[in-house]
Amino acid sequence: MQLAPDKSAPRRVVLPQADAYVFDIDGTLLIAKGLVHWNAFKQAMREVYGVEATIDGIPYHGMTDLSILRAAVTRAGVDEKQFTASLPAAIEIMNREVEINRSRIVPQVCTGIVRLLESLRREGKLLGVASGNLENIGWAKIEAAGLRSFFSFGSFSDRAERRADIFRNAREQVEQKLGTATRTLFIGDTPSDVHAAREIGAPILSVSTGTFSFDELSALSPDVCVTHCGEFFSE
């Protein structure tokens, strides 16, 4: 288990070397303020499944959009058959709602992220995202944060409900671009990211810029754990 960082002094950690760096979005790259994504879930459940429900009370941190939606409508009485049959329509509504309201997304970029992305880009590293968001929603958040130009690919939950499968798809994209003899490092802020990386045999960097603390993440023994990405730079 890694020791908690000393709050009295700056902490500098060595970033693991990799050919590609793949970032989660929410809690890792940014915190999206406002209710745009939340309202998209609510509207999809209303229009497609005919239920007045929200995602409140669901432990959605680390879950994918599809698994969050499944949990919310199941709680509201929708059965699996109806959920699956109507899922394409629900995805369409969620994407529509975020597109209509994308100007209301208020992103807060997590500490050290811009500096880390700039450093990796200078080194010529391949940068991507692997997120539980639906693809259009994930890119909308990244664009609102001014980070889109850093990333050349992404893997999202539109075609994979499980986070491990999202990670696996991201690594396959890396291998298509760089070859199979490459090292892909995943960066995330939840236990789900650690478990997903471990499932596919990939290294994982945990950052406690989201909901989970350094101690909670460190207890899972990621390859590296930091409180924020600014710890990779000494100042």
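A: Let's start at Asp26, which, leaving aside neighbours within four places in sequence, is in contact (heavy atoms within 4.5 Å) with Ala32, Asn133, Lys141 and Asp189. Bear in mind that this is a predicted model, where local features need pLDDT of at least 70 and side-chain atom pairs count only at pLDDT 80 or more, while totals for chains, interfaces and linings use all residues. Residues are numbered from 1 along each chain as its sequence is written, and side-chain values use heavy atoms, with hydrogens and water left out.

Asp26 sits in the loop between β1 (20–23) and β2 (30–33); strands here are DSSP runs of E with at least two residues, helices are runs of H or I with at least four, and both are numbered from the N terminus. With a relative accessible area of 28%, Asp26 is partly exposed (buried is under 20%, exposed over 50%, partly exposed in between, using a 1.4 Å probe and protein chains only). Its side chain makes a polar contact with the side chain of Asn133 at 2.9 Å. For that term, you need a pair of N or O atoms within 3.5 Å; within protein, one must be able to donate a hydrogen and the other to accept it, and residues adjacent in sequence count only if both atoms are side-chain atoms. Pro107 is 81 residues away from Asp26 in sequence, yet their C-alpha atoms are 9.6 Å apart in space.

Another partner of Asp26, Lys141, leads us into helix α5 (residues 135–144), where Lys141 is one of the buried residues. Just after α5 comes Gly146, with a positive phi of about 75°.

The crossing is left-handed, meaning the near helix is turned anticlockwise from the far one by less than a right angle (clockwise would be right-handed). Met94, Asn95 and Val98 of α3 meet Asn136, Ile137 and Ala140 of α5. By class, that contact has four nonpolar, two polar and no charged residues (Ala, Val, Leu, Ile, Met, Phe, Trp, Tyr, Cys and Pro count as nonpolar, Asp, Glu, Lys and Arg as charged, and the others, Gly among them, as polar).

α3 has other helix partners too. With helix α1 (residues 36–49), the axes are 8 Å apart and the angle is about 135°, so α1 and α3 are oblique to each other. α1 passes α3 in a right-handed crossing. On the α1 side you'll find Val36, His37, Ala40, Phe41, Gln43, Ala44, Glu47, Val48 and Tyr49. They meet Gln82, Phe83, Ser86, Leu87, Ala89, Ala90, Ile93, Met94, Arg96, Glu97 and Val98 in α3. The tally by class is 13 nonpolar, four polar and three charged residues.

Then there's helix α2 (residues 65–75): its axis and that of α3 (residues 80–100) come within 11 Å and cross at roughly 125°. That makes α2 oblique to α3, and their crossing is right-handed. Asp65, Leu66, Leu69, Arg70 and Val73 of α2 make the contact with Glu80, Phe83, Leu87, Ala90, Ile91 and Met94 of α3. This one has eight nonpolar, no polar and three charged residues.

Ser67, in α2, counts as buried at 17% relative accessibility, and its side chain reaches the backbone oxygen of Thr64 at 2.9 Å. Asn101 lies in the loop between α3 and β3 (106–109) and is buried, with a relative accessible area of 17%. A polar atom of the Asn101 side chain lies 2.9 Å from the backbone oxygen of Glu97, and Glu97 also belongs to the α3 side of the contact with α1.

Definitions and conventions:
Axes are lines fitted to C-alpha atoms, for helices over the stretch in contact, and angles run from 0 to 180 degrees between N-to-C directions. Angles under 35 degrees count as roughly parallel, over 145 as roughly antiparallel, 65 to 115 as roughly perpendicular and the rest as oblique.
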